[in-house]
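Please read them with the sequence and the coordinates open.

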Amino acid sequence: MRRYGKHPDEDDVRIRPGKGSRPRTSIRPKHEDAAEGMVLTVDRGRITCLVDDRSVTAMKARELGRKSVVVGDRVGIVGDLSGAKDTLARIVRVEKRSSVLRRTADDDDPYERVIVANADQLAIVTALADPEPRPRLIDRCLVAAFDAGLDPLLVLTKADLAPAAPLLETYEPLGVPYVVTSRAELAGGSAADRVRERLAGRITVFVGHSGVGKTTLVNALVPDRARATGVVNAVTGRGRHTTTSALALPLPDTPGAPGGRRGGWVIDTPGVRSFGLHHVNPSQFVLAFPDLVPGTERCPRACSHDEPDCALDQWVADGHADPQRLHSLRRLLAARERREED
């Protein structure tokens with residue numbers, strides 16, 4: 001609603017007593033001089049950002065409204081950027097995100113929770129024993145990675161307690177890269193080096209349920225920033241949450257990394273017990289299987305690719321793709337419809 005006429009003059013402007021003489025305006029400053037920063041962690045409204053080589057505590061500016069700020073965001077910051085104790089800056093701008101990893105609490109929850117922004121790799125951390133691996137949770141994380149445009153990486157821990165071959169056989173048709181580690185190798189450093197090579201030059205978010213050794217692995221990768229670790233409950237077989245908020249940590253330089261890449265970022269996240277996929281459109285799953293995409297051209301309209309008249313069955317029967325690839329696709333589609341606790 002227009003407050004004043006088309007041609008207002010001084011008499012039309014209402015001055016509020018005690019508030020100064022400048023009329024109110026909806027025009028907001030553009031903050032062209034805002035410093036660039038990266039969000040490292042968010043904790044109860046306080047946002048820790050990396051500005052140049054300093055850690056700066058900030059809060060979200062009012063003009064951002066309800067726009068969320070998450071770990072990995074590239075932001076514009078104004079105010080006190082010294083990083084000194086008890087100082088507080090303001091985040092006035094959130095740059096366009098290159099990727100967003102989301103999840104919902106369950107498949108019936110329409111509210112999306114953004115886990116991290118601007119990552120390019122998702123490391124799915126799974127223990128081979130203590131606790132037992134949960135393939136349906138792995139499947140759901142793969143779906144979320146494909147939907148977000150992230151490259152998946154399977155990290156298997158505690159190989160000293162159980163062999164990795166049976167689980168790897170399940171995911172071989174998907175072509176997902178993997179690293180197998182054991183507790184002894186982590187203590188000796190060799191396992192951390194193998195994982196670090198996969199992370200060099202990339203922004204990798206670590207996801208896994210509690211007790212799989214995710215934070216222990218992160219501590220081995222970034223030894224000078226150790227985080228608290230927990231143990232698995234002997235009765236329930238589940239881990240206890242020890243990481244309470246996502247945190248981005250810089251990796252040490254890796255001179256021997258492929259392509260000469262150095263450093264990188266690892267984002268540790270709290271353990272999850274469910275990974276809802278309400279936000280993911282099942283029709284997009286097949287895009288993660290480029291060898292199957294041509295076979296969908298003869299599918300009926302709105303085909304779910306998991307029904308009797310799906311053209312992919314004939315496509316595979318004619319030898320155009322490995323049957324295990326179609327089986328993997330349908331397993332992921334089934335994971336979208338079933339809770340991983342089932």
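1. Alanine 123 is a residue of strand 8, where helices (H or I, at least four residues) and strands (E, at least two) are DSSP runs numbered from the N terminus. Because its relative accessibility is 0%, alanine 123 counts as buried; buried means under 20% relative accessible area, exposed over 50%, and partly exposed in between, with a 1.4 Å probe and protein chains only. With neighbours within four places in sequence left aside, alanine 123 is in contact with Leu153, Val155, Thr204, Val205, Phe206 and Val207, contact being heavy atoms within 4.5 Å. Between alanine 123 and phenylalanine 206 there are 83 residues of separation along the chain, yet their C-alpha atoms are separated by 4.8 Å.

2. A word on the basis of these values. This is a predicted model, in which local features need pLDDT of at least 70 and side-chain atom pairs count only at pLDDT 80 or more, while totals for chains, interfaces and linings use all residues. Residues are numbered from 1 along each chain as its sequence is written, and side-chain values use heavy atoms, with hydrogens and water left out.

3. The chain as a whole: seven helices and 13 strands are assigned. Of the 342 residues, 46% are buried. Among contacts between residues at least 6 apart in sequence, 65% join residues at least 24 apart. The accessible surface comes to about 18,700 Å², with 48% of this belonging to carbon and sulfur atoms; the areas come from the Shrake-Rupley method with a 1.4 Å probe, and for residues only the protein chains shown count as cover.

4. What is the strand order of the open sheet of six strands? The order is 10-9-8-11-13-12, with mixed pairing, where two strands pair if DSSP finds at least two bridges between them. Strand 10 (178-180) and strand 12 stand at the edges with a single partner strand each, so one side of each has no neighbour in the sheet. On average, neighbouring strands of this sheet are turned by 25° against each other, direction ignored; axes are lines fitted to C-alpha atoms, for helices over the stretch in contact, and angles run from 0 to 180 degrees between N-to-C directions.

5. Strand 13 (residues 265-268) is covered on both faces, with Trp265 and Ile267 buried on one side and Val266 and Asp268 buried on the other. Strand 11 (residues 203-207) runs parallel to strand 13 and is joined to it by four bridges; here isoleucine 203 stands opposite tryptophan 265. Strand 12 (residues 247-250) runs antiparallel to strand 13, also with four bridges, and alanine 248 stands opposite isoleucine 267.

6. Helix 1 lies across strand 8, strand 9 (151-157) and strand 11, and runs at about 175° to strand 8. Helix 5 packs on the sheet, touching strands 8, 9, 11, 12 and 13, and its direction makes about 150° with that of strand 11. Six of the eight residues of helix 5 (residues 214-221) are buried, so this helix is largely enclosed by the rest of the structure. The buried residues are Lys214, Thr215, Leu217, Val218, Asn219 and Leu221.

7. Strand 1 (residues 35-43) and strand 2 (residues 46-51) run antiparallel and are joined by five bridges; aspartate 43 has arginine 46 as its bridge partner in strand 2. Glycine 79 lies in strand 4 (residues 74-79) and counts as exposed because its relative accessibility is 58%.

8. Finally, the voids. On a 1 Å grid over the protein atoms alone, a cavity is a set of points where a 1.4 Å probe fits but cannot get out, and a pocket is an open set with protein on both sides within 12 Å along at least five of seven lines; lining residues have an atom within 4 Å of a point. Grid points are joined across faces, edges and corners, and a volume is the space filled by probe spheres set on the points. The largest pocket has a volume of about 550 Å³. It is lined by 22 residues, of which Val69, Val70, Arg113, Val114 and Ile115 are the closest to its centre. The largest cavity holds about 50 Å³, and strand 8 (121-127) and helix 1 (135-148) each give two or more residues to its lining.
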